[in-house]
Amino acid sequence: DLQTRTAELRQLDDQYNIHPFCDGKELHERGATIIAKGSGSYVWDSDGNRILDGMAGLWCVNIGYGRDELADVASSQMRELPFYNMFFQSTTPAQISLAKRLAEITPEGLNHFFFANSGSEANDSIVRLVVHFWKTEGQPEKRLFIGRNLGYHGSTLAAVSLGGMKAMQALGHEVLPDFHHIPEPHHYVRGGDLSPEEFAKKAAAELETKIVELGAKNVAAFIAEPIQGAGGVIDPPPGYWPEIQRICRKHDVLLVVDEVICGFGRLGEWFGSQYYDVTPDIMPMAKGLSSGYLPISAVAFNERISEALRMGGTLTHGFTYSGHPVSCAVAEANIDIIERENLVPRTREEIAPYFRKVLQQIADAHPLVGELRGQGLLAAMQLMKDRDSKTFFEPSEPVAIDCRETALQKGLIFRAVGSAMVLCPPLVITRQEIDELADITAASLDATAKAYGIA
Ligand code: PMP
């Protein structure tokens with residue numbers, strides 16, 4: 001029985017597992033949270049406590065836990081054909097079928113796909129694909145990439161270089177030579193006296209300045225998330241995305257919109273690019289593609305790029321598990337569920353507006369909260385030492401982590417990013433569950449405010 005084994009499991013985890021995303025010493029002292037099962041919007045820890053999953057796993061379990069249908073699909077695909085590869089001019093029915101299904105929901109023009117196993121692999125692949133593309137276009141000098149500070153595109157060396165997470169780049173080798181960054185479009189932090197619209201123009205102009213500085217003839221692509229997720233849910237002010245699109249087109253810089261978090265309904269559209277009415281050239285996706293049930297990612301391309309890839313010789317790139325048939329079958333069934341249960345329009349019209357209304361009430365009333373940001377079912381509350389004078393907590397003050405630990409005790413998982421608390425619940429979350437999420441959030445904020453002497 002799991003409950004009696006929790007202490008033993010923790011001890012074994014401490015003995016054998018490395019958690020490279022965590023502080024090893026802190027984890028050793030605290031012990032890992034052991035999550036043992038899930039159903040709907042809830043998970044259960046190994047002590048049997050039911051916890052509302054306000055992070056949808058890690059921004060991915062859009063359809064919720066416990067879908068037998070996906071287990072059945074995986075089981076029959078595994079019996080039929082557990083694996084085949086893409087290397088011998090080969091593919092599988094499951095992969096072809098998923099590509100066709102994806103083409104039905106991706107924005108017009110993005111109808112060609114390459115499959116991998118994670119968001120990191122998708123973005124890492126994009127670096128090579130883009131360089132190959134410009135070579136076949138006769139512009140081999142176009143090989144510089146521009147990303148954004150606090151952008152997150154994965155954990156491989158190329159993906160870390162595309163991203164702009166200082167902590168991940170701290171060893172000093174992670175920003176490969178051809179990678180550059182512009183500041184994040186965070187009005188609350190960087191906007192000063194500018195209106196959101198004025199700041200949007202200024203933040204987008206930083207891209208043009210960077211392109212000109214590097215020389216447009218050298219710049220291959222700009223990569224950005226519709227909303228910067230792991231960087232703390234930074235949603236750009238109105239007018240930012242159309243300007244970004246205009247600047248990329250003007251300088252013939254490819255626009256890569258990373259849909260790993262925003263894709264598959266999170267903002268109330270199938271993709272974040274549709275929410276912001278922007279047309280990418282390349283679109284990586286993962287997480288919500290299979291709702292996390294199995295590892296899979298995809299890169300969608302437009303016609304121009306896919307032509308170059310088809311006719312431009314061999315890129316010599318691929319992973320053993322690219323287009324894994326079991327993952328493909330599960331991803332397709334996941335898309336079917338999102339569609340059948342109307343999760344995208346439900347998010348847009350019903351659940352996200354309710355979620356935002358409830359969180360806004362908390363944010364307005366609570367002295368600890370300076371800003372509620374995000375769109376759709378993606379949100380962050382910025383915790384402030386003094387919201388009236390706009391005084392931030394010091395990085396050394398673990399206010400969001402303390403708040404997270406309190407919430408976990410009360411039965412809610414959210415993520416702490418700097419001094420912000422981040423929420424990204426499953427799309428299937430109900431109004432009643434949102435009320436529960438709100439109650440625990442408010443109680444945890446109260447306890448944290450008290451501990452930090454903020455009233
Ligand atoms: N891109 C974005 C926007 C992400 O949020 C993430 C993961 N959080 C990744 C890429 C990397 O995905 P993975 O962890 O599957 O490699």
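Which residues does the domain assignment of the protein chain give to domain 1, and which to domain 2?

Mentor: Happy to! Keep in mind that this is a predicted model. The assignment gives 33-63 + 342-451 to domain 1, and 69-340 to domain 2. Taken over C-alpha atoms, the centres of domain 1 and domain 2 are 26 Å apart. Where they touch, domain 1 puts 26 residues into the contact and domain 2 puts in 24 residues. On the domain 1 side, the elements giving two or more residues are α3 (56-59), α14 (343-365), β11 (369-375), β12 (378-386) and β16 (420-423). Among these, α14 supplies the largest share, five residues. By residue type, that side of domain 1 divides into 15 nonpolar, eight polar and three charged residues.

Now turn to helix α6, residues 119-136. With 18 residues at 1.5 Å a residue, α6 should span 26 Å, and the 25 Å between its end C-alpha atoms agrees with that. Of those 18 residues, 14 are buried, so α6 is largely enclosed by the rest of the structure. Just after α6 comes Gly-138, which takes a positive phi of about 80°.

Methods:
Residues are numbered from 1 along each chain as its sequence is written. This is a predicted model: local features need pLDDT of at least 70, side-chain atom pairs count only at pLDDT 80 or more; totals for chains, interfaces and linings use all residues. Helices (H or I, at least four residues) and strands (E, at least two) are DSSP runs, numbered from the N terminus. The expected span of a helix is 1.5 Å times one less than its number of residues. A residue is buried if 20 or more other C-beta atoms lie within 10 Å of its own, exposed if 12 or fewer, and partly exposed in between; C-beta atoms are placed from the backbone. Domain bounds come from an automatic or database domain assignment. Two residues are in contact if their C-beta atoms, placed from the backbone, lie within 7 Å. Ala, Val, Leu, Ile, Met, Phe, Trp, Tyr, Cys and Pro count as nonpolar, Asp, Glu, Lys and Arg as charged, and the others, Gly among them, as polar.
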